[in-house]
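Please open the structure in a viewer and keep the selection tool at hand. The stops below are to be visited in order.

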Amino acid sequence: MAGLDPDMKADVDSVKGKTALIIWRDNRGNMERVPEKEYGKFYKGDCYVIYNCYTKKSGTTPVIHIHFLIGSESTGQDEQMDVAMFATILDEYLGGGAVQYRELMGNESVEFKAIFNGRRAPNLRYAKGGHESRLKKMDNSNRTQLYEIKGARIAQAVEVDVKLASLNSDDCYVLDGGKGLFVLLGEKSNRNEQAKAISLANSIRDNEQGGRGHVIIIDEKNLNTHDKRDEIRKLFELPSSAKLNFGNLRRLQARSDEDADKLARASKLYKICDAGDRVEMKELGPPRQELLNDNDCFILFTGRNVYVWKGKKASSTERAQAMANAKGFLKQLSESPNLGIVVMPQFAETAAFRACFPSWKDDSALEPVNVDYSKPKGTGGVARSVHTVIDFRALHEKPRSVEVNDPYANDNGQSDGLKIYKIDLLKNDGDNDDDKTLVDSGRNLVFNSADCYVLVYSYGPGGRKTIIYYWLGNESPQLKKGAAAKIAESIDDREFGGLAVQERVIEGKEPPHFMRIFNGYILVKQERLNGNQDHLYHVRAKKENDARVVEVDVDASNLNSNDCFILDSRKGMFLWYGKGSTGDERKVVQEAAAKLDPKRGASGNYTFYREGEERADFWNALGGEKSYPTELIPNLQDCNTKHEPRLFHCYNIMGSLQVEEVYEFDQDDLIPDDVFFLDTYYRLYIWVGKGARRDEKEDTIKFVQEFIRNDPTPRTDTDANICVISQGAEPDSFKAYFGVWEDVRTETMSAEDHKRLAMDRNAVSLEHEEEVPEGKFSLAELQVPIDELPYGVKVEKREMYLTDDQFEDVFKMSKENYMELPKWKKDFLRKQNNLF
């Protein structure tokens with residue numbers, strides 16, 4: 001078998017042994033590397049190979065998965081054979097220890113979907129066309145596209161025909177007319193689908209339309225009365241009198257427990273026998289581990305998937321033909337060719353594979369298992385969950401760390417080729433390349449959450465490679481976000497001929513390479529706190545070169561025993577070390593203090609306190625002692641940690657409870673329409689969102705009880721406490737696990753508020769500027785019910801009818817500063833003052 005192409009070999013060698021994600025696309029037998037900015041977008045007419053290397057939280061040995069994706073509209077057998085062959089060659093080059101997955105669009109494995117979860121890489125998006133249609137740059141202004149977004153948590157976007165019949169009430173859609181985008185929200189769509197649709201529209205607008213398009217969000221019930229309905233009819237090529245109605249798609253009913261039992265009993269193990277001129281499959285019966293031997297290859301058929309297990313002593317021919325044998329097996333049994341196929345070597349068995357065996361003893365040095373996950377305690381068989389079949393053994397395994405992709409792992413971020421621009425909007429229209437100012441502070445930059453920045457970073461021999469990051473502050477207005485994207489594109493075109501990599505960075509989600517540019521930590525101030533004379537900064541660094549110093553309100557309740565804090569006050573500078581803080585955090589605290597206040601911080605003119613040793617001067621500067629989160633969480637940098645905190649998302653689909661783990665979680669992962677449970681081992685928190693249904697809460701409580709009873713570790717249901725908490729009433733011990741926690745958001749976010757926040761975070765807005773209405777009224781006249789408002793007052797802008805003096809008295813800021821706030825924060829202030 002031929003070896004790797006030199007270019008592909010260089011790609012793999014550059015990241016060998018490191019956390020990395022590489023995607024190649026087949027082009028007539030040539031494997032072309034996909035640019036990182038296109039990750040997550042796949043064309044239906046193409047085939048791909050995905051190399052995914054990550055390290056588990058519970059160990060240090062890299063794990064490699066190789067996925068080859070077959071496009072749903074790929075008709076060429078050559079393409080499909082190319083990617084299958086390349087996956088095999090790549091596995092052999094890497095030593096044969098990778099797990100291979102054959103992926104089919106629409107029937108992807110959970111492992112594949114987990115890669116494209118919006119954090120490590122953009123969400124999945126399947127577009128029409130293939131390589132031939134992309135040989136020339138497509139003019140999107142002349143092509144209308146319609147994307148369907150569906151999925152309970154990891155939502156996928158698939159391009160569908162631009163016709164009214166494609167719409168159904170269960171899903172969300174993005175209609176791209178080239179110069180503007182419409183987000184159409186089905187009446188029965190879930191909260192996550194809505195957020196992902198908004199996110200996709202924002203991504204298309206910023207990355208493919210240069211930030212110039214408009215995004216309009218429309219609920220299904222308002223489609224026929226919306227003032228843009230005629231424009232939408234034109235995009236669907238409908239007459240002006242046509243009704244814009246969604247269809248009603250009947251969802252498939254969930255598989256019953258009885259059906260699942262039948263499917264489980266149908267699992268069979270086959271031995272692959274080489275009969276000279278042909279390959280035969282010898283049925284061995286139900287799967288048992290003792291039937292496997294390391295001299296041969298085996299196939300496990302579960303009715304849903306086909307697993308190929310390669311013994312470590314099997315011949316190279318048998319190992320190389322593993323995928324082909326699995327395809328032939330499906331054909332021989334007259335089974336659907338669309339079933340998933342997973343090929344794995346001995347000692348790299350997946351949790352799903354092991355779960356198919358009544359008992360499994362794992363002697364692998366790659367993935368050690370210290371307890372028997374095969375049977376729940378106190379039972380003789382497989383565990384069962386509430387209303388559905390969920391594999392407790394897979395859930396109880398040490399969680400896999402979904403590492404952030406680092407395609408620039410070989411660069412330390414310290415090249416001299418760095419320029420940083422702050423977006424200033426000098427013309428106040430966001431459409432001018434002069435709307436930026438060069439920042440002199442370089443790597444000592446203190447970010448402001450209300451601003452946006454463009455970083456031009458050149459590295460490599462002669463600075464031949466360039467990355468243009470545009471950082472978007474969470475509190476920055478729409479105009480700045482759009483301008484940052486356009487200026488990044490303009491710099492690329494003018495200075496680098498369009499050859500630079502452009503990458504959008506959201507505050508709080510900075511990638512590893514970005515962090516290395518700033519020596520492993522960034523400092524972010526809050527615009528709303530600029531007028532304060534005292535400032536408090538929260539320092540968290542639970543990973544190497546990934547520390548964030550974020551300004552919070554000066555209040556003792558914001559302290560956290562797991563972290564460090566800097567109090568820069570009129571009464572002195574104080575450094576506070578929580579009991580659970582790490583050495584990295586304490587180092588960053590001192591460096592950040594010097595950056596924040598060169599006079600006191602750099603000269604060491606500060607007082608530091610360890611938690612529990614504070615004196616009155618510290619508490620006085622904070623405004624007095626208050627309770628704060630004191631529960632210590634495990635140090636995730638310690639690979640010997642036995643019980644890492646784990647967050648699970650629980651939601652109900654068609655009467656069946658679904659449970660999915662959330663990796664690298666923070667406060668934004670808590671969706672108000674659903675239920676979550678946080679497992680800290682001896683205490684389990686069940687978090688109930690304001691929009692969650694009663695049956696979801698009840699089923700989750702029952703599930704958590706079963707989850708504990710079926711835990712193979714020494715934990716029992718008598719020594720594990722279950723705490724049920726409601727959104728907005730979270731105890732400090734719960735908040736401690738989420739890093740920087742903003743009470744103001746959680747207390748006020750209904751499902752609709754969360755949608756508004758998602759819209760703002762993704763730079764989606766219907767207007768570029770607020771219009772100041774004419775006419776002035778008193779506060780009392782504007783605080784009345786809607787039907788009693790003075791004639792002509794716009795409900796959604798009633799606060800703007802106050803006089804300037806009245807406005808500043810009520811909101812403690814000018815109208816100009818108020819108009820710069822994100823929409824969710826304006827809504828919060830309006831609610832506070834009874835003007836919502």
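A residue is called buried when its relative accessible area is under 20%. The model on display is a predicted one.

Select cysteine 53. Its relative accessible area is 1%, so cysteine 53 is buried. Next, select cysteine 297: this residue also counts as buried, because its relative accessibility is 1%. How many disulfides does the model contain? The count is 0, a disulfide being a pair of cysteine sulfur atoms within 2.5 Å.

**Second stop: the sheet.** Strands of a sheet pair through backbone hydrogen bonds, in either a parallel or an antiparallel manner. Now select the strands E3, E7, E9, E8, E10, E11 and E12; in the order E3-E7-E9-E8-E10-E11-E12 they form an open sheet of 7 strands with mixed pairing. Which strands lie at the edges? They are strand E3 (41–43) and strand E12 (214–219), each of which pairs on one side only. From one strand to the next, the twist averages 20°.

**Last stop: a helix and the residue after it.** Select helix H11 (residues 478–496). At 1.5 Å a residue, its 19 residues should span 27 Å, and the end C-alpha atoms of helix H11 are 27 Å apart, so the two values agree. Finally, move on to glycine 497, which follows H11 and has a positive phi, near 65°.

Key: Residues are numbered from 1 along each chain as its sequence is written. This is a predicted model: local features need pLDDT of at least 70, side-chain atom pairs count only at pLDDT 80 or more; totals for chains, interfaces and linings use all residues. Side-chain values use heavy atoms; hydrogens and water are left out. Buried means under 20% relative accessible area, exposed over 50%, partly exposed in between (1.4 Å probe, protein chains only). Two strands pair if DSSP finds at least two bridges between them. Helices (H or I, at least four residues) and strands (E, at least two) are DSSP runs, numbered from the N terminus. Axes are lines fitted to C-alpha atoms, for helices over the stretch in contact, and angles run from 0 to 180 degrees between N-to-C directions. The expected span of a helix is 1.5 Å times one less than its number of residues.
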